[in-house]
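Subject: Structure handover

Hi there,

Here is the structure I promised to pass on. Could you have a look when you get a moment?

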Amino acid sequence: MSDERRSSRAARRFNDAETRFQGVYSRSVLNTLFQAYQPAMARTLFLLFVGIVGRIALLANTNVMGYWVDTFCRAPSPCKAPPSLFSGFATADFLWLLGALTALGFVLVMWFRVGISRLSADSVSRVYDETTLRTSRLPMGFFDRNPAGRVMTRFSSDYNNVFRVFGGPLAEFVMLVFDLLAMTILIAVASPWFVPFWFLLAGLNYGVYRWNLPVLRAERREMALRRSPGIAHFAESAQGMGTIRAFGRQANFTDRFALLNDSYLEQRFRALGIFVRFSLELYAVTAVAFLATGLAGAALVREGWVSLGGLGVAFAYLGLSTTILQAFFEWLGQFEEAMTGVERMNEYLRLPIEPGARLPATARFRTGHPIEDAGAIARSARVGDGAGQGASIEIRDLWMRYREDLPQVLQGIDLQVNPGERLAVVGRTGSGKTSLVQALFRLYPIERGLVRVAGMEADVGQAAPEGRALSLEKYRGLLAYITQEPAMFLGSLRENLRPWALRGGATDRELIQALRRVQFLRPTATDAEYAHWLEYAVEERGRNLSAGEKQLVCMARCLLQDAPVVVLDEATSAVDPRSEEILTRATEEFFIGKTQIVIAHRLSTVRSCDRVLWLEDGKIRRLGPPPEVLPEFGSVELVEVPFRKP
Ligand SMILES: Nc1ncnc2c1ncn2[C@@H]1O[C@H](COP(=O)(O)OP(=O)(O)OP(=O)(O)O)[C@@H](O)[C@H]1O
Ligand SMILES: [Mg+2]
């Protein structure tokens with residue numbers, strides 16, 4: 001199969017995996033919008049009132065002019081006397097009235113526009129914040145299934161569609177709605193005869209819109225769907241640029257991007273063609289309604305049923321309405337796009353979060369997710385009281401798989417680790433070592449079995465014995481983790497060292513001490529040099545640090561966390577042998593008294609542990625002291641690291 005066909009199949013598969021919508025906004029979408037506006041509901045209603053009064057004042061100028069014209073007529077002519085309110089009005093009075101209406105209308109309309117734009121921008125940014133709160137608590141499986149690019153699309157282009165309309169042009173759109181309402185009232189005031197023509201015009205426009213609606217919606221959604229694979233591919237390529245270049249595969253990646261982009265552009269042009277056709281159809285029906293009004297209007301004036309001023313008003317409104325209706329239905333399209341954006345954000349907003357996780361008490365939207373009580377934050381500031389103490393780990397008949405359709409990666413693990421024990425975990429690649437840690441952290445739901453740390457279970461929504469359950473957050477606070485792929489974030493080295501900074505944290509002195517203990521700099525480095533490093537600007541994913549440096553920072557972070565259990569997953573695989581030896585010895589010293597789970601492929605690390613757990617295909621093959629397990633596990637599986645004394 002050619003690369004091209006393969007990529008297009010991949011693109012299609014990606015598209016299919018994206019959510020498809022039914023074309024009707026669900027109640028939950030409307031509820032989300034309602035919740036977004038709720039805190040400012042009274043202001044919203046007041047501004048809407050200001051807006052409609054403003055528009056009526058501005059448009060009423062037309063009626064006043066009609067009455068003014070009629071005062072110039074002499075009977076018997078196709079004129080009617082203006083209402084008694086205007087009897088005795090001279091030219092100057094009409095001019096004053098027109099001026100006053102214009103000024104009032106202008107002030108009210110501006111007030112409305114600025115007010116509603118600011119209020120809406122605030123309201124929709126609430127949707128963004130609330131979605132972020134929940135997305136950061138979604139189960140790990142969600143991130144496995146959804147490529148980063150797809151998640152990014154929701155937070156970039158979908159949200160942008162929402163903000164682009166709600167953060168500004170929404171005022172314009174609402175204004176058009178006001179115009180349509182105001183015009184209906186004012187045409188009726190000028191002459192009820194024209195009301196049917198006005199409804200005919202509006203009805204025809206609406207008919208064209210309804211006729212085109214399914215295809216317009218489908219085209220827009222297709223466009224949103226075709227945008228994400230390109231973004232996903234771009235993000236992935238940017239991350240893997242080093243590998244792509246090393247293998248000289250730039251062409252494949254640019255070709256694939258071109259293919260995905262072409263698919264998007266092709267859809268964009270298709271959609272554009274359909275929008276143009278829609279506009280033309282609106283013009284055509286408007287012309288027909290206009291003609292009908294003109295002919296009927298002439299007859300009505302001839303019969304003396306309508307005054308000349310009245311005819312003038314009706315024509316002015318119908319002329320104006322051509323543009324307003326067109327703009328209204330075109331805006332309706334943009335509005336739909338924004339609503340599709342809300343719908344897509346809303347989907348993430350309402351996904352179930354990780355079992356046992358809670359939203360912070362600051363969450364405002366009621367989406368049925370459990371909320372943490374405010375006091376819990378203070379209580380969980382530092383877990384692992386009795387610093388320096390280890391905790392026991394108890395694992396019984398543990399089964400886990402990553403997804404329903406995947407095989408079990410842990411199959412009936414039974415394990416008891418004593419407080420302060422150092423347990424090495426060995427096994428071939430893919431044997432389930434990291435998975436065991438993921439289960440310990442309750443990062444993925446376990447299929448069966450029991451996991452306890454310090455005698456406590458994580459409260460993940462299942463019944464735990466009375467007094468033995470800890471909230472997920474507190475439970476995880478018992479464990480410190482140096483992952484196989486150290487996670488670093490954009491920010492200073494200081495921020496990277498204390499990710500829990502918001503809940504109180506370490507002082508610079510403590511941070512420097514920790515860095516010094518892992519020998520981040522040469523032994524002779526001064527405190528000033530270290531202090532300088534705390535300011536170091538770490539780039540995204542720690543790009544500007546070496547793999548070993550990242551591991552050292554993570555090690556320091558772990559030291560600062562001071563949790564009773566420390567998990568080191570290949571924590572020293574990227575540092576040079578000398579640093580590794582230092583670190584391995586140092587971990588024995590740093591974490592003395594703490595329970596340690598050390599996953600390593602190197603003999604030197606494993607040998608010094610109290611016991612060795614040998615995993616094979618997710619089962620325990622052997623568990624015992626190193627001299628018993630290691631000969632059988634075989635030196636072939638472990639790497640001997642040469643070490644020279646400095
Ligand atoms: N997020 C995931 N989704 C689906 N399957 C996974 C996931 N993570 C790991 N696996 C699978 O689970 C099995 C065990 O993987 P695990 O990461 O636990 O191995 P490991 O022993 O840590 O290997 P290594 O020494 O290479 O780090 C592997 O077959 C792997 O493909
Ligand atoms: Mg692993």
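Predicted model: local features only at pLDDT ≥ 70, side-chain atom pairs only at ≥ 80, totals over all residues.

Residues are numbered from 1 along each chain as its sequence is written, chains are lettered from A and ligands numbered from 1 in the order in which they are written, and side-chain values use heavy atoms, with hydrogens and water left out.

**Ligand 1**

Around ligand 1 there are 15 residues, of which Thr 429, Lys 433, Thr 434, Ser 435 and Gln 484 come nearest (a residue is near if one of its heavy atoms lies within 4 Å). By class, the shell has 4 nonpolar, 8 polar and 3 charged residues (nonpolar: Ala, Val, Leu, Ile, Met, Phe, Trp, Tyr, Cys and Pro; charged: Asp, Glu, Lys and Arg; polar: the others, Gly among them). Helix α13 (residues 433-440) gives the largest share of the shell, 3 residues (helices are DSSP runs of H or I, at least four residues, numbered from the N terminus).

For nitrogen atoms of ligand 1, a polar side-chain atom of Asp 144 lies 3.0 Å from one, and an N or O atom in the side chain of Tyr 402 is 3.5 Å from one. An oxygen atom of ligand 1 lies 3.2 Å from a backbone N or O atom of Ser 431. The protein covers 66% of the 640 Å² of accessible area that ligand 1 has on its own (Shrake-Rupley method, 1.4 Å probe).

**Helix α3 and its partners**

Helix α3 (residues 41-71) packs against helix α4 (residues 91-135) at about 155°, with axes 8 Å apart (axes are lines fitted to C-alpha atoms over the stretch in contact, and angles run from 0 to 180 degrees between N-to-C directions). That makes α3 roughly antiparallel to α4 (over 145 degrees). Their contact has 25 nonpolar, 9 polar and 2 charged residues.

Best wishes

Terms used. Polar contact = N/O pair within 3.5 Å; in protein donor to acceptor, adjacent residues only side chain to side chain. Helix = DSSP H or I, 4+ residues; strand = E, 2+ residues; numbered from the N terminus. Parallel < 35°, antiparallel > 145°, perpendicular 65-115°, else oblique.
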